[in-house]
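Colleague: I would like a close look at the charged pairs of one protein model and at what surrounds them, with each cut-off stated as you go.

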Amino acid sequence: MKKVLMFSYSIIAYLIGFASLLLWIISVSHLIPEISIDQPPTKPFLYALLKNLGLVFLFGLQHSIMARKTFKEKFAEHFPKPVERSTFVLVSGVLLTLLVFQWEPMGGSIWTVSKENSLYYILYTLFFLGWSILFISTFLINHFDLFGLRQTYLELQNKPYKPLTFKVVSFYKYVRHPLYFGGIIGLWATPSMTVTHLVFALSLTAYFIIGTLFEEKDLKEAFGNKYTSYQKNTPMLIPFTKYNN
């Protein structure tokens, strides 16, 4: 019964986490105004800026803490280890949803590309390409392990959990973190860049970069020389460049 409950918990966490990602994408797409982060401003600019940066900081802080080995060890002392990743996904999903719905519009326009301009469609093509790279990258790693379902499913089947092996496939041959690379493209490729969107894109890009640096340390610890060699030969975030670290 306990294992069934853990698996059910991981399914709920997965659905919340996945739904929050879709909400995030829709909110920056400008395709559904009701969900867009670009609403008419209702608060003073400084208040909105500080609140927005605080939301990103909270989201980034949760990721930094819960992704660390020390937190995982403490978690396992009090809760079943198989649900650790699902709990990370659940909390991340809740905070990402909070980030989108609590984001304060700030007004202003940096650039606007009309539908009559072919650049409009090029930017939207890049937008969907970026998010597609992000989602495909999760499957290249192991989508269900990344979102916590594999751990509880193996427990349900009375099988031991085996960590993922290090492999370099598809996008990972050209950039070490295609998931973040795709997310950055998705944030910046827009025909309507407002101040609201700019702050959103800047702050989350900074989070991606900082998060990548932390993740690099964990990957080197987990895979040793294999990852160090990969790190020397493959760019971190920008494909086809010589900048690796």
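With which residue does Arg150 form a salt bridge, and how far apart are the closest N and O atoms?

Modeller: The model is a predicted one, in which local features need pLDDT of at least 70 and side-chain atom pairs count only at pLDDT 80 or more, whereas totals for chains, interfaces and linings use all residues. Residues are numbered from 1 along each chain as its sequence is written, and side-chain values use heavy atoms, with hydrogens and water left out.

The partner of Arg150 is Asp145, and the closest N and O atoms of this salt bridge are 2.6 Å apart; the term requires a side-chain nitrogen of Lys or Arg within 4 Å of a carboxyl oxygen of Asp or Glu. Asp145 has a relative accessibility of 9% and therefore counts as buried, while Arg150, at 21%, counts as partly exposed. Here buried stands for under 20% relative accessible area, exposed for over 50% and partly exposed for what lies in between, with a 1.4 Å probe and protein chains only.

The structure holds five salt bridges, including one between Glu104 and Lys51, whose closest N and O atoms are 2.9 Å apart. This pair links distant parts of the chain, since Glu104 sits in the loop between α4 and β1 (109-112) and Lys51 in helix α2, 53 residues apart; helices (H or I, at least four residues) and strands (E, at least two) are DSSP runs numbered from the N terminus. Glu104 is buried, at 8% relative accessible area, and Lys51 is partly exposed, at 21%. Another bridge joins the side chains of Glu221 and Lys69 at 3.5 Å, N to O, and it links helix α9 with helix α3 (residues 69-78), over 152 residues. Glu221 is exposed, with a relative accessible area of 54%.

Turning to the nonpolar surroundings, the largest core has 43 residues, of which Trp24, Leu99, Trp103, Phe200 and Leu204 touch the most other members. The elements that give two or more residues to this core are α1 (2-29), α2 (45-66), α4 (84-102), α5 (118-141), α8 (178-188) and α9 (195-223). A nonpolar core is a set of buried Ala, Val, Leu, Ile, Met, Phe, Trp, Tyr and Cys residues joined through side-chain atoms within 4.5 Å. Not counting residues up to four places away in sequence, Trp103 touches Ile37, Asn52, Leu55, Val56, Leu98, Thr196, Val199, Phe200 and Ser203, where contact means heavy atoms within 4.5 Å.

There are also 25 aromatic pairs, counted when rings of Phe, Tyr and Trp (its six-membered ring) have centres within 6.5 Å, with planes under 30 degrees apart called stacked, over 60 edge-to-face and the rest tilted. The Phe7 and Tyr153 rings have centres 5.9 Å apart and planes at 50°, so the pair is tilted. Because Phe7 lies in helix α1 and Tyr153 in helix α7 (residues 149-156), the pair ties together parts that are 146 residues apart in sequence. Phe7 is partly exposed, at 21% relative accessible area, and Tyr153 counts as partly exposed at 42%. For Tyr207 and Phe208 the centres are 5.7 Å apart and the planes stand at 40°, so this pair is tilted too, and both residues are buried.
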